Amino acid sequence: MAPARTRSPALARDLARLDERLSAKPAAHLKVNGLSIGYSTLRGRFHAVEDVSFEVRAGTNLGLVGESGCGKSTVVKALMGLLPEFTGISGEALLDGQNILGLSDAQLEPIRWNRISLITQSAMNSLDPVYCIGDQICEAILAHEKVGKAVAWARAEEMFALVGLPAERLYEFPHQFSGGMRQRAVIAMALALNAGMLLADEPTTALDPIMQSQIMSRIRGIHEHMRRSMILVTHDIAVVAETCEAVVVMYAGKVAESGPTADVLERPLHPYTMGLQNAFPRLPVRGQPRQPLISIPGTVPNLLLPPSGCRFASRCPFATDLCRTTAPQLHTVGAQSAACHYTERADEFRAAAARPETWRNMRVGA
Amino acid sequence: MRAYILRRLAQSVLVVWAVTTIMFFMFRVMPADPTAILLERGLTDEARQALLEQWGLTGSMWDQYLAYLGNLIQGDFGSSFFYRKPVWEVLWPLIVNTLWIAIPGLLLGAAIGAAIGTAVGWARRGGKLERSGIFLATVIRGVPNFVIGIALLTIFSSTLGWFPGFGMGDPGATTGFARYFTLDFLHHLALPLIAVIIYFMPENLLLMRSGVVENRTEDYIELVRAKGVPQRRVAWHAARNSMLPLITWLFPALAETIAGIVVIEIVFSWPGVGRELVLAVTRQDYPLAQAAFFLLAVMIVLANLAADLVYGKLDPRVVYK
Amino acid sequence: MTQVPDQGAIRGRSLFSSARDSFRLLMEDNFAVVGVAILAIFVLLAIIGPWLAPYEPFKAMMTETGRLNRLSPPNATHLLGTTAFGNDVLSQFLHGFRVALIVGLVAALAVGFISTVFGVLSGYFGGYVDDVLMRLTDIALSIPTLPFAIVAVALLGPSIENIILVITILFWRNGARIIRSAVLTERERIYVKWARAAGASHFHIIMRHILPNIVRIVFLWVTMSVAFAILTEASLSFLGLGDPTVVSWGQMLNTAFSSGNLRTAWWWVVPPSLALVLLVSSLYLIGRAYEEQTNPRLRRR
């Protein structure tokens, strides 16, 4: 074991060089245009993601929000090139101007982790059980940087310090870690090469609430410290409010609404965003009545047979015949845009959506 | 760790004891006249009586069992009728010969099978490599080991004349321990060793392939891919994790595999324990047969023990208690 | 899960229907189809083979000059030539089909039956039966299979019946373990609990819920046992410990080997070798398909 204090001068010098090289990397810019992802299944084509576009400006965080199954994790996997071979992907994802969709594993080798890295959804299963954590972090470093194992290990120690884990635990195996520690180890791994773009795929889903907020504040702290770009995938709109400058709300594989977080949460244009806001607990504001928790009734439509109109129509308390027959275009209002026919009536909807009866009285599945 | 090994050793001793008990029943209870198989024919009455008493065959079944165990513990399996000397003297040199084809054969067979199995498991599902790999491995697995032996013998020894097909050394070759380090010995070793490898490989290949196919869709493989390491390295992670089930599957397979070496020794006239067992049985030399059987059983127990310890080394989650 | 158990789940399904489903799935695997086709030809030859045989298998053939017709290469009268003892190879070969399949099927059925009974009892009821069975198989797994067969057959006497008996003693243990672990999983299924709650008897649960769901594993094990049994009989015969009153392929190879004619008399060596390879491989091809069926993680997604 080599604690930081006893590093040899040569090792310390090499490590300093590596650190310098890595921290010189600029934050990345990502622009996704018209991304569609479909699988062929025995029962027909499954449209997991349809025509999704968004932009992550360098050094900012983007929240990707939606219910489970809305395609948000699929977007992340597509960006990492991790979808199964026979997946149909169209559209483009420009990472600093280079399209990274549809590249082979070999072509992705220099891009992955070096320029775009991933904090996985379930740290429980995403570490190889038969290697110690340190080796798994070093593996990533050694794959991209021409340094010795000792330097890579020293870098891993630094990353562990960054996420608040003691260096000697690098020698331990995943099963010796608690869930929260494993998640921190995965974050340390994702940061190891200081990639310009960080994809965090529901990094706290598997953890208990206290752990969740600890991990999220750690991610925020690191973000402020390192100024990377990040896409944060989550179903928790409150986390987005605290963390991200911009937000994309997805519903059933499509973008429902997007825009600066403050605007979207303050004045949502899409009824789904309004419903989503209701479904998460908020701390009561003194002097105001406590907000009731309202869940959105109904379920996400079957994407094997997507409805012809707006995909949210069957669960939307304001849906009209137009909604059920014609898919809405994106309407831009200021910096925001929403896929709803009635963006001009958003004020009226917001007032209604805050009342639980609005959601309770609708006919589900109509 | 030490306590675990001791406990496993104690377990192994128990299993060996159970096997000897089964042997007792096989050799004493199954035949109609157990004395007939333990005593040579054509003895005088006095000599016969003396031997019966020496072997404890005069008392009740229980006394006989105790006497039998007593002899075993002292390592006394009696004398070979055929060679007219203590069976240990006959068998000792043969153990080394058997191990010479068994250990490298099993290790190489497992290694080669695992390597090809990883490639087949990592190949595209339903692709040419996968389908032909599975088909060939399944067919080769179906080739009886004596057919493997006969084929190797006919092709490489009789027809091409590249390798000798008989025994362990040419007449007049070096004898004693030094022989194992001569080219002549290695030349003779080649064919039986290849036969063991071919015999043992396909099952490893198929098991490894299943393991890799199961592991390749796991989350941790996804993360390794995401790290941008070479594909070879990603496959290695899947392979490394598949070795664990491979080893647990091989436990029951070992008994059959070590047993299969008997046939290969016969085909190549390789002077090992298995061949001696067959010869002893056909010559009705039962003390020798019994000892050879016992030795093969002990080899299996030790192989299981080794597999168990290797498993612990490969899987950090195993805690020795 | 707040799902209400439907009637079908409580009633379970019949052994027959699940066996039929399993066979249908098997036929979707191309390799298994090849295996089944080869096996079908072998079964047919086992039934009619001895009638097709032109001569008695042990009859010594004479040449026109009255001498023993030794090692004659294939010709019009002896399509596969003759052995070193003047026997017609084709006739011996054709008789071999029946021996191989009888040994394989009888032993496999016995192994399948005993493994299933022990596996189900031990997996379903657990407790004392299970402990005893597991200790027993632990010991049995350390017994070298072929050496045990060699010694036991030599002591009991080399007859087909004894060979089948020894094979059964040897191979039930692995099957019992595999079936036991499958039963352990099935026992914990939710519909078994519903069925118990609905007052179904143990017998009913075993017959309608457990067995139909492990039928593939039983089939897999029976298929593999046929292969093991054929291989063991062939090995014993090859070592000269087979039943001397019947002709089997292993024995033909033994005769060719011990009379030192392996190299020259290819017509004597190739047919039994090839038949054994085809038969055992076809069984493994079928077994492999069952393996892919029983392991959902191997299925293609």
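Predicted model: local features only at pLDDT ≥ 70, side-chain atom pairs only at ≥ 80, totals over all residues.

**A close look at one helix, then its surroundings**

Modeller: Let's start with helix H11 of chain C, which is mostly covered: 22 of its 29 residues are buried. Residues are numbered from 1 along each chain as its sequence is written, with chains lettered from A and ligands numbered from 1 in the order in which they are written.

H11(C) covers residues 266-294, and its 29 residues should span 42 Å at 1.5 Å a residue; the end C-alpha atoms are 41 Å apart, which agrees. That expected span is 1.5 Å times one less than the number of residues. Helices are DSSP runs of H or I with at least four residues, strands are runs of E with at least two, and both are numbered from the N terminus.

Over in chain A, strand E10 (residues 254-260) is also mostly covered, with six of its seven residues buried. E10(A) runs antiparallel to strand E9 (residues 246-251), joined by six bridges; strands count as paired if DSSP finds at least two bridges between them. Met250(A) stands opposite Val255(A) in E10(A). The two strands make a hairpin with two residues between them, and Ala252(A) in the turn has a positive phi of about 45°. E10(A) is also joined by two bridges to strand E12 (residues 336-338) of chain A, again antiparallel, and there Glu257(A) has Ala338(A) as its bridge partner.

Chain A also has an open, antiparallel sheet of four strands in the order E2-E1-E4-E5. Its edges are E2 (44-56) and E5 (98-99), each pairing on one side only. Two bridges tie E4 (residues 88-95) to E5(A), and Leu94(A) is partnered with Asn99(A).

Finally, where chain B meets chain A, 20 residues of chain B are in contact with 25 of chain A, contact meaning C-beta atoms, placed from the backbone, within 7 Å. Helices H9 (219-226) and H10 (231-267) are the elements giving two or more residues to chain B's side, and H9(B) has the largest share, seven residues.

How values were computed. Buried ≥ 20, exposed ≤ 12 C-beta atoms within 10 Å, placed from the backbone. Contact = placed C-beta atoms within 7 Å.
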